[in-house]
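Biologist: I am new to this structure, so please pick a single part and walk me through it closely. Tell me as well how far each term reaches.

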Amino acid sequence: MVTILYAGFWKRFAAILIDVVVLSISYLIISFILSIVIVGIVHVTDNSLGSEVSIGSLLPVIFQLLSGLTTWLYFGCFEKSKYQATPGKMLLGIKVVNRSMQRIGFGRAVARYWLRLLCNLTLGIGYIIIGFTKYKQGIHDMIADTYIVNNRALDNYLYEQQYQPQSQTEYPLNLNKNM
């Protein structure tokens, strides 16, 4: 049950690739709209070359901040939503849960997002260990105490737990019979 319940490295990798495509398209749309708005504001307020140059030098910074905010909200809002997954995860039938197999809150979703920096700082080793850990967790999942699970397997697991006598342990991850 443990290996079937938790989503592995390649499934998670495919989900993040889908999310990168979705985010890239949204960045292009937002950047296009923002560019039109900024150029319009510069054109209406002042046609001098100096203001266009100063606004032009700020555009990369504005776009970088906007893309960071968009990505942060994308992961935070989708993973705490009723779907418990980003569009990439939804397409692959996986979702984010906490230790008791319930939906995570916005704070934990945001923490999980920012903790990915640790995986990046380890040159990807924090992600690679997903394939080798018992619960298929990366460093960011371990610290945030989150798990990526297959939807059907989770539904089956929760159904089975509903009709079995209660264990002495509080969390499903502490059950020894499935190991």
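Modeller: Buried means under 20% relative accessible area, while exposed means over 50% and partly exposed is in between (1.4 Å probe, protein chains only). Please keep in mind that this is a predicted model, where local features need pLDDT of at least 70 and side-chain atom pairs count only at pLDDT 80 or more, while totals for chains, interfaces and linings use all residues. Residues are numbered from 1 along each chain as its sequence is written, and side-chain values use heavy atoms, with hydrogens and water left out.

Strands here are DSSP runs of E with at least two residues, and helices are runs of H or I with at least four, each numbered from the N terminus.

What does strand 1 pair with? Its partner is strand 2 (residues 146-150), which runs antiparallel to it and is joined to it by 5 bridges; two strands pair if DSSP finds at least two bridges between them. Within this pairing, asparagine 98 sits opposite threonine 146 of strand 2.

For another buried residue, look at leucine 59, with a relative accessible area of 19%. Leucine 59 belongs to helix 3 (residues 49-80), and its C-alpha atom is 8.1 Å from that of serine 35, 24 residues away along the chain.
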